[in-house]
Amino acid sequence: MASQTDIKLRKVQIYSIFVRNHTKKGTLMALEPDLQRIKNLGTDFIWLMPIYPIGKKDRKGKLGSPYSIKDYRAIDPKLGTWQDFLKIVKSIHDHGMKVMLDIVYNHTSRDSVLLQVHPEWFLHDKNGNLHNKNEEWTDVAELDYSHKALWNYQIETLKRYAKIVDGFRCDVAPQVPIEFWKEARKEVAKVNPKTVWLAESTSKDYIQKLGAQGFHVSSDAELYSAFDMTYDYDIDQTWRAYVKGDVPLKKYVEALNTQTAIYPKNYIKMRGLENHDQPRAHSMFINESDMYNWTAFSEFQKGSTLVYAGQEFGFKHTPSLFDSDKLDWKDTKMNLSSLIAKMHDLSQSDIQVSGTYKITALENDTVEVTYRLGDIIRIGLFTLKGMSSEVPVALPSDSYTNMLDNSLIHVKDGLVELDYDPIVIQGKTNE
């Protein structure tokens, strides 16, 4: 684990914004009127998806992916100017939030500044043609980190941004050498020692697939030597298999509990139900009760939290990365904002930051999350497939306040009735 990592980062909620699609204007400054609403969700960091110029060569779609970057050191003129970037960062800071910038260091566009000036810094096959580890990424050229001069350029770029922003979300971080990230963190700390590092880690299948081609892809355990947080893609396949009904809840819960055993004591997973690469959660959980329970369960797990713009209103459509696809902010038939804010509020307690933590699979697709700190126990109960049941809890018979809605919850003989709404209760353990 990065020795500087503070477990208080488990309190952090990150709100992801795709600037082009977030507003009608699709500019950096157009975000400003929405900042207070985003702050009210409990947001600590705004993660700006890439805001750099987008390449035109082999572009996908009409506008191209923001992850096909032409120049790391410039702002996409369609989004605004460098001064606009500085202004929106200041405004985010003025609202009491921090900025996490998307860093895409595995590849550039196929007409990038770096490719034109330093073609030797890119992967090539034996015939001298550009070669990608991932054949599906036809709009980008992958970088070759065997060149130390490339390291120097990339680190200098990071240091420039670290004077302005508060953290970096690093795209496909496992495909960039871990030794590069260690050096980058060390150098960036000279400019901003409080910089927060989030790695988009990956699944074991992807690690094995590229490994079979002779490429090294870092595991989460390796990434924790340089990064503060990683994605929870290590259990993503198991989670989706459970949601589809292909594996039982017990197997998914075992995968979650295994994280505590295999990662450093101060590991931080970023918990998220959706992001720009994945289907919207509400497209998977059509029943609103299920969506409510999954939102609460996800944010009650140990770690930081990701909210992808529009998730708070249960949007079902995942915006295109390649074309204009504006969010419809008038579609507010479902509103999870108060729940998200409440879950963030709960996550600020020491018991959820440093308490012992366990997840248990119960009958009827019900899951129990327990945090213990001293003789205090905080219990979260969530029905994941809309079934009610009697649930055992390690609390004495008494009435307790549901910390989500202040309703009374009655525990009798170690059992509590769970209907369709999640429950979070706290008391002194009877064990």
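**Close-ups of a two-domain model**

View 1. Across the interface of domain 1 and domain 2, the rule finds 0 salt bridges (a side-chain nitrogen of Lys or Arg within 4 Å of a carboxyl oxygen of Asp or Glu). Polar contacts do turn up there: 10 residue pairs, both at pLDDT 80 or more (N or O atoms within 3.5 Å, one able to donate a hydrogen and the other to accept it, with residues adjacent in sequence counted only if both atoms are side-chain atoms). Keep in mind that this is a predicted model, where local features need pLDDT of at least 70, side-chain atom pairs count only at pLDDT 80 or more, and totals for chains, interfaces and linings use all residues. Numbering runs from 1 along each chain as its sequence is written, and side-chain values use heavy atoms, leaving out hydrogens and water.

View 2. Domain 1 spans 7-348 and domain 2 spans 361-428, with bounds from an automatic or database domain assignment. The C-alpha centres of the two domains lie 33 Å apart. Together they bury about 1,700 Å², 67% of it on carbon and sulfur atoms (accessible area, 1.4 Å probe, lost on being put together, summed over both).

Methods. Buried area is the accessible area (1.4 Å probe) that two parts lose on being put together, summed over both.
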